[in-house]
Every structure is written in C-alpha cells, then in structure tokens.
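Open the model in your viewer and keep the sequence panel beside it. The tour goes from one selection to the next, with a short note on what is there.

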Amino acid sequence: MLAGGETVLVAVSGGADSVALLYLLSCLAADWQLRLHALHVDHQLRAESAADADFVRALGTRLGVPVDVTTVAVDRRESLEAAARAARYAALEACAARVGAARIAVGHTADDQGETVLMRLVQGAGVRGLAGIPPVRGAIIRPLIEVRRSALESELASAGLSWVDDASNRNPKFLRNRIRHELLPLLADSYNPEVKAALARVASLARETVGALDRAAEGELDRLAVWADGAATVRLDALRALPRPVAAEVLRQVAARLGSRAPLRAWTHRGLKRVLSVPAPRRAFRLGGVTVEVSGALGRLASAPPPALIERMVAVPGRTELPEIGQALEARLVGADAYAIPREPGRVAFDADELATPLVVRARRRGERFVAFGGAERRLKTLLIEAKVPRWDRSRVPVIEAGGTIVWIGRLRRGAAGRVTARTRRVLELALVPLAQPDRPQ
C-alpha cells in the first residue's frame with residue numbers, strides 16, 4: 001500500500017474509522033516520511049454536517065495535519081448512497097491531484113468488509129461481488145481493511161480522541177444498516193460468533209479467484225482483441241470457445257481499457273449473453289459506458305461510434321485526404337498508350353472522357369443501389385454484407401460518384417461507367433492509400 005515517502009490524502013468524515021485512520025497514519029508519518037493531507041467532504045445531507053466539518057478541522061489542528069473541506073451536491077434522483085459515494089470519490093480525486101497525493105487513504109474496516117460481502121450475498125452477487133472491498137484499487141488504499149472497528153475505538157479511547165456518530169448510519173431504510181444492526185447480530189448470536197471474520201475470509205478467497213480470472217482473461221484479451229480507433233474487435237467464435245466467466249471478464253477488461261468507470265460486475269454477463277445470442281442483436285447497445293455491436297462473426301466494443309466519412313469533392317488530378325478513415329484518395333490523369341489496368345483492389349482506372357462531373361467521395365446512403373461492372377443493379381447494402389464489411393464500418397467505406405452515378409465502392413467493386421477500352425485516350429486512375437503515405441509521383 002505504502003512504500004514510504006508518499007504524499008497521502010486521507011478521507012476523514014469524523015466517524016471512528018476515519019479518525020482512527022488519520023491518527024494512526026500521523027503516528028507513522030515521521031518514520032515512514034509520509035506527507036499527510038486530510039479532506040472532509042460535506043454532502044449537505046444532514047443539518048449537522050457543518051459541525052462535522054468543524055470537528056475534522058479541529059482534529060487536523062491537533063494532529064498537525066492540514067485539512068481541506070469541500071462541499072458537494074448529491075444527485076437525489078438516483079440511489080442516495082451511490083450518488084453520495086460518486087460525489088465523494090470525485091472530490092477526493094480532485095483534491096489528490098491538487099495537493100500532489102499519490103495515494104488516497106479511506107477508512108474501511110474488517111466490519112465494513114463483512115457487511116459488504118453479506119450484503120452482496122443477499123443480493124445474489126457472483127464471485128467478483130463476493131471479493132468485497134479491495135485493499136488497494138488504483139490510488140485508493142484501505143490500511144484498516146483487516147482491523148475490527150472495536151479495536152479502533154479502543155485505540156482512540158486510549159489516545160483520548162473522540163469521534164462523531166452519524167445518525168444516518170442507523171437509518172433502517174438503507175440495506176447496509178439493516179445488515180449491520182439486524183442480520184449480522186442475528187448470525188453472530190445464533191450461528192457463528194465470528195461471522196464477520198468468516199465473511200472476511202470469503203472475501204479473501206474470492207479475491208484470489210478473481211485475481212486468477214483477471215490474469216487468464218488478460219492473456220485472452222491480448223490474444224483475441226484487435227485494437228483500432230478507440231475500439232476493440234473480437235471474433236465471436238473465439239469468445240464462445242472460452243469458459244463463460246473468462247469471456248465475461250474479457251468484456252469487462254475491454255470496457256475498463258476504454259475508460260468505463262461504471263460498476264462492471266453483472267453487466268458483463270448480461271452483455272455476453274446478448275453478444276453471443278442467436279440471432280445476433282441487430283442494433284448497437286450500451287452497457288457499462290461502452291457501445292457494444294455485433295456484425296457477422298465479429299463483436300465490437302467502443303467508447304464512441306467511429307466517425308462516418310464526410311462528403312468531399314475529389315481533386316483531379318490531386319490528393320483528397322479522408323482523415324476520419326485514415327486514408328487519402330489520389331487521382332491522376334495519364335495517357336492510355338501502354339497503360340496497364342491495375343489489379344490491386346485499392347486502385348481502379350476509368351476512361352476520363354466518359355465520366356461525368358463532378359467527382360465526389362462520400363459515405364453510402366440508405367436504400368442506395370449500384371450497378372457493378374459486369375453485373376446487374378443491386379442494393380449497396382447487400383454488396384457490403386457479402387463483402388463481410390462489419391456494420392460499424394459501412395458508413396466509412398468510400399463511395400465515389402461521377403455526376404451522381406456511383407463508379408467505385410472503394411477497394412470492393414467498380415461500377416459499369418467509364419470502362420477503359422481500345423478507344424480510350426485518357427485514363428483517370430484512382431487509388432486509396434494510407435493517409436501517411438506520400439503522394440505518388442504524377
């Protein structure tokens with residue numbers, strides 16, 4: 001958790017746990033060369049919250065630790081506990097950045113761990129939920145996670161330190177309070193006096209299992225995922241071949257790498273079920289802050305949809321850059337004598353004098369139809385599906401039209417117009433090249 005020499009931001013509500021945390025860290029500060037800074041977050045949910053802030057300021061003065069107090073607005077439209085937690089951690093992260101703290105210490109105890117595990121068990125959590133509160137998560141550390149609250153209160157009494165009792169911690173409308181004051185005492189009295197320690201062991205064993213699952217999924221993610229343009233693409237047959245918990249964890253890790261900060265326990269299993277369903281979902285859906293989409297044999301997770309191709313006039317001759325798809329369309333005019341028709345899919349030739357103007361590059365349009373060279377008229381969507389272009393890339397395939405007629409579907413099919421024949425005098429050659437590639441000599 002701490003190596004020594006760090007700046008540590010300590011979250012102090014004024015309750016016994018956080019007061020003990022600040023006191024114990026202040027006792028270690030000299031030997032460990034710790035620079036401590038405390039933050040009290042006023043959620044403005046209780047009339048006495050201002051008095052709590054004054055108590056924490058006085059505590060900081062007594063222990064020689066600078067204290068900041070910040071007031072946050074809690075969104076009451078959602079779960080009050082969840083909204084207060086989100087606002088509190090956002091304030092802690094902002095303060096840590098301001099004071100240069102590498103670690104944020106919070107006062108969760110072994111009692112909190114037992115309550116959390118039992119609460120999640122009652123709610124039907126899986127192994128990740130039963131892992132409870134992690135001792136370390138990113139910059140967040142919980143030095144007291146294996147210490148009982150009763151031991152901390154005894155330590156505070158010996159040090160002559162008081163604390164604030166939050167009346168809301170006894171409000172039975174909150175599930176955690178009912179677990180703490182009703183269910184846990186019942187289990188301790190009737191079944192196991194050390195039920196909190198037993199629940200803490202469950203959390204420890206579950207964390208070991210989750211750790212092994214994380215490592216297995218990380219290896220599979222590195223093997224299966226193709227990353228590009230802020231998205232990960234995976235083959236569904238490879239995902240189906242994995243044990244279901246590993247496959248769900250692969251999705252969770254993709255979301256985390258894409259920056260999702262939503263709770264990612266249950267949604268991965270719901271998302272996995274939808275991704276692997278037959279028939280596949282026809283529309284993209286949002287889960288855990290990421291967009292999930294299925295097309296053919298592929299699944300894609302992204303923080304945002306890929307940018308569609310913007311319509312542009314094509315410079316002839318010249319180079320038209322298409323930065324949203326990372327390509328450029330090069331156009332050159334050459335004589336037909338001794339010209340060899342290109343065979344590579346990214347290059348195509350037309351009779352320059354047979355093409356109408358203007359020449360435009362754009363994305364496909366809904367319901368559009370296309371007459372391919374040597375073929376009959378057909379829907380452009382059908383051609384893209386047969387070419388196995390994923391749904392998310394179809395609006396990024398360059399469609400080149402001349403005088404309103406489609407003459408080339410970039411790298412896929414050319415149209416019937418402008419065929420090069422023995423009578424052709426000038427050839428217009430179009431080529432799609434990577435954007436970073438220099439212009440081809442004219």
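Two bridges join strand β20, residues 405-409, to β21, and the two run antiparallel. This is a predicted model, so read each stop as a description of computed coordinates.

**Stop 1: the sheet around β20**

Within this pair, select Trp408; the residue standing opposite in β21 is Arg414. Now widen the selection to the whole sheet. Five strands make up an open sheet, in the order β12-β16-β19-β20-β21, and the pairing is antiparallel. Which strands stand at the edges? They are β12 (312-313) and β21 (413-414); each has a single partner strand, so one side of each lacks a neighbour in the sheet.

**Stop 2: the four-stranded sheet**

Next, select β13, β14, β22 and β15, which in that order form another open sheet with antiparallel pairing. The edge positions are taken by β13 (318-322) and β15 (347-351), each with a single partner strand, so on one side each is left without a neighbour in the sheet. From one strand to the next, the twist averages 20°.

Inside this sheet, pick out β14 (residues 327-335) and β22 (residues 426-434). How many bridges join β14 to β22? There are nine, and the two strands run antiparallel. To line the pair up, select Ala331, whose bridge partner in β22 is Leu430.

**Stop 3**

Move to β10, residues 290-295. Six of the six residues in this strand are buried, so β10 is largely enclosed by the rest of the structure. Show the side chains: Val290, Val292 and Val294 point one way, while Thr291, Glu293 and Ser295 point the other way, and all are buried.

Phe285 stands opposite Val292 in β10. The two strands form a hairpin with two residues between them, and Gly288 in the turn has a positive phi of about 60°.

Five bridges pair β10 with β11 in the antiparallel sense, and the bridge partner of Val294 in β11 is Gly299. Here too the strands form a hairpin with two residues between them; the glycine to select in this turn is Gly296, with a positive phi of about 60°.

Arg274 lies over the face of Phe285, at 3.8 Å from the ring centre. For pairs of aromatic rings, a search of the whole structure finds zero.

**Stop 4: Asp17 in helix α1**

Select helix α1, residues 16-32, and within it Asp17. Is Asp17 buried or exposed? Asp17 is buried, with a relative accessible area of 14%. What is Asp17 in contact with, once its neighbours within four places in sequence are left aside? The contacts are Gly107, Thr109, Asp112, Leu144, Arg149 and Leu152.

**Stop 5**

Finish with Cys27 and Cys95. Cys27 counts as partly exposed, at 44% relative accessibility, whereas Cys95 is buried, with a relative accessible area of 1%. With a disulfide taken as a pair of cysteine sulfur atoms within 2.5 Å, the count comes to zero.

Methods: Residues numbered from 1 in each chain as written. Predicted model: local features only at pLDDT ≥ 70, side-chain atom pairs only at ≥ 80, totals over all residues. Heavy atoms only, no water. Pairing = 2+ DSSP bridges. Buried < 20%, exposed > 50% of the residue type's maximum accessible area, 1.4 Å probe, protein only. Phe/Tyr/Trp six-rings, centres within 6.5 Å; stacked < 30°, edge-to-face > 60°. Lys NZ or Arg CZ within 6 Å of the ring centre and 35° of its normal. Contact = heavy atoms within 4.5 Å. Axes fitted to C-alpha atoms, helices over the stretch in contact; angles between N-to-C directions.
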